[in-house]
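User: Could you take me through the strands, rings and helix packing of this model?

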Amino acid sequence: MLATLPPGPAGSLRTTYRILRDPMSSLPAWQERYGDPFTLRTVNGTVVMTGDPKLVKEIFAASPSTFAPFATQGIGPTIGEGSLLALHEPRHMRERKLLMPAFHGERMRAYAEIMSKAASRHFGEAASSNRFAALEVGQSISLEVIVRAVFGAEDDARAKVLAQAVLEMVEHSSPLLFFMPFLQREFGGFGPWARFRRHFDVLDRLLQEQVEHARAQGGGVDICSLLVQARYEDGEPMRDVDIRDELRTLLFAGHETTAITIAWVLDHVHRHPAVLERLRDELASLGRDPDPAAYARLPYLEAVCKEAMRIHPVVTEVLRVLVSPLRLGELDLPAGVAVSAGVLLVHRREDLYPDPLAFRPERFLERKFAPWEYLPFGGGHRRCIGAAFAEFEMAVVLGTALSSFDFELLDARMPKPVRRSVTMAPGGGVPLRARSR
């Protein structure tokens, strides 16, 4: 039994900078140098990270009361104190239980038409140009889905107003504001934090209008309406401020993340002709003008998306702070230390995924991976609540796009993952040319 934390790199500012700039090479290099698990000292706290599935399983299986969210001082003010990402137990579980029904079953399938129409429209507009970035088109599609299916915008004018407010807030955000909370200072109304908060307030007012509209209309199927209608076990409704925080959380978690995977998939399948051919054959099996929800039932398309998320996880680690001691393998970790399931590290294990950097979707048809072996959405009681929604959207958007358009890659070089806020995205956005099929 070890009484001290495992070794790791020194210097919190330097370590944070390397995680911020290039986690894709830094995390594997640290694991190789210091062993597994290893310790990272960052500006947001001390983190014990592991890429060992057995230890990841222990983290995910631990009691929810063992953990609190990591770096709430950085993330809370940027999305709202009532966000699921910032809540502790028992309120986290109470809120999560209330939100879960909005992301499953027929309610989610009702959004397929919105997703498919958005994909057709935005890729169609992009096809009129000689060059476009898949990531930008994916973001436009994802934003429209959020504005209509999540926020509940019913007409084009309202959707445009909401979308513009979101884009302006996102444009004035910065990864430094998340990773270095001491920069969250107004400085007399100037500086990046002040600009971000002004756009945050604009969107907040618009979201409150959506909440009031949903309450007046009643019975909507968008997620805003479902949250307005939802009741806790004691019969009480959610507070408006909490609804707005959860809507912002879904924006924060879903605006870029789904678009990033869509861009990676389009890049990979056009570098692997056999994969693209098999995928087109599967799509063709649905016939002409299929129900868009049918795309989400295609096993090879699902495997392609999973393989893209395995090689290029949008978030490279899952972080939680210990509020009580935890025995992790042979370590006794004290309260106050954070533990991290290294998503990137698990996904690149040779023993789980032979030739781990090779794009081979068949892996996910040949075997089923445990939740601690494949974890693009995290795991345990804090697993991303919108995971099913995101996977459904990826399938519908990609199914629609690949059925309707032929794409050509315009850069022979494989994109390098780069930091965008808390996510990692393909540098250059995957430049493409498209024509209608």
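Analyst: The discussion below covers the sheets, then the aromatic rings, then the helix packing.

User: Before that, what are the ground rules?

Analyst: This is a predicted model, in which local features need pLDDT of at least 70 and side-chain atom pairs count only at pLDDT 80 or more, while totals for chains, interfaces and linings use all residues. Residues are numbered from 1 along each chain as its sequence is written, and side-chain values use heavy atoms, with hydrogens and water left out.

User: Which order do the strands take in the sheet of 5 strands?

Analyst: The order is E1-E2-E8-E5-E3, in an open sheet with mixed pairing. Strands (E, at least two residues) and helices (H or I, at least four) are DSSP runs numbered from the N terminus, and two strands pair if DSSP finds at least two bridges between them.

User: Which strands stand at the edges?

Analyst: E1 and strand E3 (67-69) do; each has a single partner strand, so one side of each is left without a neighbour in the sheet. On average, neighbouring strands of this sheet are turned by 35 degrees against each other, direction ignored. Such angles run from 0 to 180 degrees between N-to-C directions, and the axes are lines fitted to C-alpha atoms, for helices over the stretch in contact.

User: How do E1 and E2 pair?

Analyst: Strand E1 (residues 38-42) and strand E2 (residues 45-50) are antiparallel, with 5 bridges. Thr39 has Val48 in E2 as its bridge partner.

User: And what is the sense of the pairing between E2 and E8?

Analyst: E2 and strand E8 (residues 338-341) run parallel and are joined by 4 bridges. Opposite Thr50 is Ala341 in E8.

User: How many bridges join E3 to E5?

Analyst: There are 3 bridges between E3 and strand E5 (residues 318-322), and the two run antiparallel. Phe67 has Leu322 in E5 as its bridge partner.

User: What about the sheet of 3 strands?

Analyst: That open sheet has the order E4-E12-E9, with antiparallel pairing. Its edges are strand E4 (132-133) and strand E9 (405-409), each with a single partner strand, so one side of each lacks a neighbour in the sheet. E4 pairs with strand E12 (residues 431-436) over 2 bridges in the antiparallel sense, and Ala133 stands opposite Pro431 in E12.

User: Switching to rings: how many aromatic pairs does the structure hold?

Analyst: It holds 10 aromatic pairs. Rings of Phe, Tyr and Trp (its six-membered ring) pair if their centres lie within 6.5 Å; planes under 30 degrees apart count as stacked, over 60 as edge-to-face and the rest as tilted. The rings of Phe196 and Phe200 have centres 6.1 Å apart and planes at 50 degrees, so this pair is tilted. Both residues lie in helix H11 (residues 192-217), 4 residues apart, which is about one turn of the helix.

User: Is Phe196 buried or exposed?

Analyst: Phe196 is buried, at 3% relative accessibility, and Phe200 is buried as well, at 6%. Buried means under 20% relative accessible area, exposed over 50% and partly exposed in between (1.4 Å probe, protein chains only).

User: Where do Tyr353 and Phe364 lie?

Analyst: Tyr353 lies in the loop between helix H17 (343-347) and helix H18 (363-366), and Phe364 lies in helix H18, so the pair ties together parts that are 11 residues apart in sequence. Tyr353 counts as buried at 0% relative accessibility, and Phe364 counts as buried at 14%.

User: Which residues do ring pairs link into a cluster?

Analyst: The cluster consists of Phe123, Phe132, Phe405 and Phe407.

User: Which residue lies over the face of Tyr232?

Analyst: Arg94 does, at 3.5 Å from the ring centre, and Arg197 lies over the face of Phe200, at 4.0 Å from the ring centre. The criterion is that NZ of Lys or CZ of Arg is within 6 Å of the ring centre and within 35 degrees of the ring normal.

User: Finally, at what angle do H8 and H13 pack?

Analyst: Helix H8 (residues 134-150) and helix H13 (residues 240-254) pack at about 160 degrees, with their axes 10 Å apart. That makes H8 roughly antiparallel to H13. Angles under 35 degrees count as roughly parallel, over 145 as roughly antiparallel, 65 to 115 as roughly perpendicular and the rest as oblique.
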